[in-house]
Amino acid sequence: MNAVKLDKKIVAFQLAKSPDDELGTENANTENAIEHIHEKVERPEKLLGSTYKVKTPLSDHALYITINDIVLNPGTDHELRRPFEVFINSKNMDHFHWVVALTRVISAVFRKGGDCTFLVEELKAVFDPRGGYFKSGGRFMPSLVAEIGEVIESHLHSIGLLEQEDMHEAQKAILEEKKQAYQEAKAETSKDGEFPPSAQLCMKCYTKAVIVMDGCMTCLNCGNSKCG
Ligand SMILES: [Zn+2]
């Protein structure tokens with residue numbers, strides 16, 4: 001450091017900052033300014049949401065599942081859309097008082113912050129002791145709780161919190177080919193996008209899409225295959 005001779009009295013001084021210091025404080029400030037979800041985040045007056053209609057054989061009336069999202073740090077690089085609350089409604093909610101309880105617990109998990117994607121697997125793994133039901137397209141739904149889990153899953157996909165497990169185009173083509181060959185051999189027809197009527201239930205994806213070809217049990221939906 002160079003010595004500087006002062007001819008005047010020192011009347012005021014300021015501490016020198018190193019460039020690193022300045023950067024450090026700036027980073028810390030941005031970090032503090034980023035809003036994260038936690039219990040104390042107040043509900044804004046207006047929230048964006050999606051409503052999903054679910055028809056089950058359990059009730060004459062459809063269920064409407066609404067998931068509202070909160071957008072944190074809007075307009076910044078840290079913009080994040082997170083689910084904030086869930087409501088379930090139907091014409092007749094009398095039988096579904098436990099559904100109301102479930103939505104309150106799910107909403108609380110959403111608002112608590114952190115990872116909420118585990119909810120999907122937990123809910124989808126619930127089996128109704130009275131037996132589940134089949135959705136159109138031959139997919140087995142083990143319970144209403146599982147159905148709610150699936151709606152949350154598709155919502156988390158749509159807002160980018162869950163990644164879509166997309167099958168490779170090549171694998172899809174192979175399965176489509178197998179389906180065609182199987183239907184020709186069995187002289188069966190099925191509507192577009194549906195699986196052969198004689199297909200069995202796949203225990204991996206719960207879809208009636210398992211066929212036996214060349215001694216191989218293959219699911220035409222998820223590709224799960226067992227040979228023997
Ligand atoms: Zn499958």
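**Note on the zinc site and helix α2**

1. Along the chain, the zinc ion's donors are spaced C-x2-C-x13-C-x2-C. Donors here are N, O and S atoms within 2.8 Å of the metal (3.2 Å for Na, K and Ca); water is not among the atoms, so sites may look incomplete. C202 and C222 link distant parts of the chain, 20 residues apart. C202 sits in the loop between β6 (200-201) and β7 (208-213), C222 in the loop between β8 (216-219) and β9 (225-227).

2. This is a predicted model: local features need pLDDT of at least 70, side-chain atom pairs count only at pLDDT 80 or more, and totals for chains, interfaces and linings use all residues. Residues are numbered from 1 along each chain as its sequence is written, and side-chain values use heavy atoms, without hydrogens and water.

3. The protein donors are the SG atoms of C202, C205, C219 and C222, 2.2 to 2.3 Å from the zinc ion. The site is tetrahedral, with angles of 108 to 114° among its four donor atoms. Tetrahedral means that all angles lie between 85 and 135 degrees. C202 is buried, at 2% relative accessibility. Buried means under 20% relative accessible area (1.4 Å probe, protein chains only).

4. S107 belongs to helix α2 (residues 97-112); helices are DSSP runs (H or I, at least four residues), and strands are E runs of at least two. S107 is buried too, with 6% relative accessible area. A polar atom of the S107 side chain lies 3.0 Å from the backbone nitrogen of V86.

Terms used. Buried < 20%, exposed > 50% of the residue type's maximum accessible area, 1.4 Å probe, protein only. Polar contact = N/O pair within 3.5 Å; in protein donor to acceptor, adjacent residues only side chain to side chain. Tetrahedral: all angles 85-135°; square planar, octahedral: opposite > 155°, others 65-115°.
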